[in-house]
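Hi,

Here is the model I said I'd pass on. Have a look first, and my notes follow below.

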Amino acid sequence: MPTITTKDGVEIFYKDWGSGQPIVFSHGWPLSADDWDAQMIFFVTRGYRVIAHDRRGHGRSSQVADGHDMDHYADDLAAVTAHLDLKNAIHVGHSTGGGEVVHYIARHGESRVAKAAILSAVPPLMVQTPANPGGLPKSVFDGLQAALAASRTDFYRDLPAGPFYGYNRPGAKPSEAVIQNWWRQGMMGGAKAHYDGIVAFSQTDFTEDLKKINVPVLVMHGDDDQIVPYADSAPLSAKLLKKGTLKTYKGFPHGMPTTHAETINADLLAFFKE
């Protein structure tokens, strides 16, 4: 399997298919590069080079005990882009991966970056604070950690079967295959990485990162996102970005790159070609 080893000795697995302008995909918590299958197939068959890595502690990367924070996530992504010597790359991040992309660009600069897209993404800040009154109470995220610690296998079944893909909505038609694939990806990773990752995605404030970014960024979010609520995320991120464009999807769930891949892929392609 293709891997790189980071400065602190972590093996990061990645996929690298095709040739042409590179698109680098950063996945959501607690999944893996496999969550981008629908996008990677679509874009590699349209002349792009597609790259996706498993975040440290996730998927096929090392299940280390520490370093599960946005600084390490961004540095690991930088290590992948440097190893592959990517230039003029487009970065696409879903959920936690959206935070990773934003922090990577702000922390490591734009010399390798052409543009970015963040989908159902956690910035600017998920947790409620005096400065972010619209955020979710910390008790919500404490509850996620408690559920993971009590029974990760049950928790990772309930989340995709319910709010992640909107399968708990009236009239929804749950896909057993999609639910099981989410469970499979989650259980491949390490419990410690996922436990710590909840703090990383909920308590990292990306406000200053968003202000630093100069490249065009497409902010895509469903207004029925039950994981990263719309009002306190996408519109705020788009305003903080110098060249941010907000695209709102009526009724789409958090996992829209899977449930509505045809729509999402077409809109990404149009943005990439602009």
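Helices are DSSP runs of H or I with at least four residues, strands are runs of E with at least two, and both are numbered from the N terminus. This is a predicted model, so to speak of local features I needed pLDDT of at least 70, and 80 or more for side-chain atom pairs, while totals for chains, interfaces and linings use all residues. Residues are numbered from 1 along each chain as its sequence is written, and side-chain values use heavy atoms, with hydrogens and water left out.

On to α2. Helix α2 covers residues 70-83, and after it comes Asp-85, with a positive phi near 50°. Its buried residues (under 20% relative accessible area, 1.4 Å probe, protein chains only) include Met-70, Tyr-73, Leu-77 and Val-80.

Now the aromatics. Rings of Phe, Tyr and Trp (its six-membered ring) pair if their centres lie within 6.5 Å; planes under 30 degrees apart are stacked, over 60 edge-to-face, the rest tilted. The whole structure has 16 such pairs. Phe-25 and Trp-36 make a tilted one, 4.9 Å centre to centre with 40° between the planes. Phe-25 is in strand β3 and Trp-36 in the loop between β3 and α1, so the pair ties together parts 11 residues apart in sequence. Both Phe-25 and Trp-36 are buried.

Phe-43 and Phe-272 are also tilted, at 5.2 Å and 45°. Phe-43 sits in helix α1 and Phe-272 in helix α11, so this pair links parts 229 residues apart in sequence.

Cheers

Key. Expected span 1.5 Å × (residues − 1). Buried < 20%, exposed > 50% of the residue type's maximum accessible area, 1.4 Å probe, protein only.
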